[in-house]
Amino acid sequence: MTQSTFDVFSLWKEIYNKTESAWHDAIQETLEKKSFAESLGQIQSQYVQFQELVNKMTESYLKQTNIPSRDEIANVASLIIDVDSKIDQLEDEIDEKEERLVKEMDALKKSVSSLEKKLDKVIELLNKSIESIADSNATVAATANKTVSK
Amino acid sequence: MVTVDTTPLKEWFESLPKNKDFEKLQRFNKVLFTDPEPQVGQTPKEIIWTKNKAKLYRYQPNKVKTNKVPILMIYALINKPYILDLYPGNSFIEYLTDRGHDVYLLDWGTAGFEDRHMKLEDYIVDYIPRAVKKVLKHSGAKEITMFGYCMGGTMTAIFTALYQKKLPIRNVVLLTSPIDFEDAGLYTNWLDKRYFKLDNIVETFGNVPFEFIDFGNKLLNPLSNTVGVYVNVASNIENEEKILNWKLMQKWLNDGVPFPGEAYRQWIRNFYQENKLINDELEVRGERVLLSNITANLLNIVATRDNIVLPQQIEPLNDKVSSKNKTLHVVNAGHVSVITGKRAVAENYPFIEQWITENSK
């Protein structure tokens, strides 16, 4: 037989729902007030001041104990990032040159193929002229032969 | 060495009456303290380019790509981008790649202290255009679809305005991306120049810690974001699917990254405090950002229950751009539920996927 116990979750949800609906508007109204933003700003300022104090103390401790500070480690990282950027620029330049080269190659291919076509035409015309010259030579020779035999 | 024998405690715990309520309590305890974290970002991917901490991923490289126009996703500098690939069956990236889209994601990585001087323009001018060129080269495509979420969408809009004539940007999909900061809800008050000591914060922290930003987000709805979270898990403790989703969300929400200091200074000053983008006053490396330069097809998505980016911050973009094909799509969702969860999978994923497919033919 299962023992019936008190359901904490249902009670929790009920309390939450009732609290939420009762307080939601009041909380939102407070959050919207200028005075709230002002207080938030003041808390922030104090927190930032505290953080700054911690930063300064940590920095001076690290200096005294001869341990590299966050700034110094970040400087080394920056140097690596700079090298990374230079490699990136080189990659960009190679890409650009490759693109240009591909374009130039394409243009070259086109002009070579148009030259080929032109050459084909020239050869065709030459062949035709040779044929017509040969034909006319043959005609001339035939006429000459006829004249001689007469 | 001091050893503590915990056997009596275990025996006592075991001897407690076993009933449903007790089991629920036990489960609650496990979910909060001992269960392993769910594995996120499981869609297979390859890295095709890296720069500093950023990585450009290509998803499911071995799947057939039927869509000609690749998609490049740009995420915010806050939180991690695996929200777009949360869990199998609840992943926008998986959904797109399963339907033949070639999806790339630019992951900014985790900024180190050495990145505290990184500005927004460094990301917009030095990273995004390069990533676009890499995607075009890798995919062999002639055009690209840009997808931006939250602040990543704002960066995408700025990038598109600057590069629309230089790069073949065919489509722009923006998901809950703030453009107009005239009324940013509670943030407008809280980030008021008179109270919010922006310079002190950036100079002290270098990079602004995730916890600092998270505190502001939680303060938007304090009861719901603190107590409500645990009430939610307790009331759904017997529903495995809801518990898994809860764990996934908690993992993502508490797994943020620091905001690079200078970029944070610009984000708060130029956007929240001075609202420069919508008023054509924003300059990126001396060039004015005019949203009217955007001519790409635009899908701009608004979530009505979003309390981080309010609908009125998103909608004005459609009036500013010169795109002939522009859609403002309003969904009943929150800032995160717009892209994760059952409803997003059933309604928002198909809508976005169809829009991209239709505009990529």
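Predicted model: local features only at pLDDT ≥ 70, side-chain atom pairs only at ≥ 80, totals over all residues.
The charged end of B:R99 sits over the ring of B:Y95, at 3.6 Å from its centre. Local features need pLDDT of at least 70, and side-chain atom pairs count only at pLDDT 80 or more. Side-chain values use heavy atoms, without hydrogens and water.

Over all chains, 23 aromatic pairs are found (rings of Phe, Tyr and Trp, the last by its six-membered ring, with centres within 6.5 Å; planes under 30 degrees apart are stacked, over 60 edge-to-face and the rest tilted). B:W108 and B:Y127 form an edge-to-face pair, 5.9 Å centre to centre with 65 degrees between the planes. B:W108 belongs to the loop between strand 4 (103-107) and helix 4 (120-139) of chain B, whereas B:Y127 lies in helix 4, 19 residues apart (helices, H or I of at least four residues, and strands, E of at least two, are DSSP runs numbered from the N terminus). B:Y127 is buried, with a relative accessible area of 5% (buried means under 20%, with a 1.4 Å probe and protein chains only). The rings of B:Y123 and B:Y127 have centres 5.5 Å apart and planes at 40 degrees, so this pair is tilted.

In helix 7 (residues 198-205) of chain B, B:L198, B:I201, B:V202, B:T204 and B:F205 are buried. Just after this helix, B:G206 takes a positive phi of about 80 degrees.

Key:
Residues numbered from 1 in each chain as written. Chains lettered and ligands numbered in written order. Buried < 20%, exposed > 50% of the residue type's maximum accessible area, 1.4 Å probe, protein only. Lys NZ or Arg CZ within 6 Å of the ring centre and 35° of its normal.
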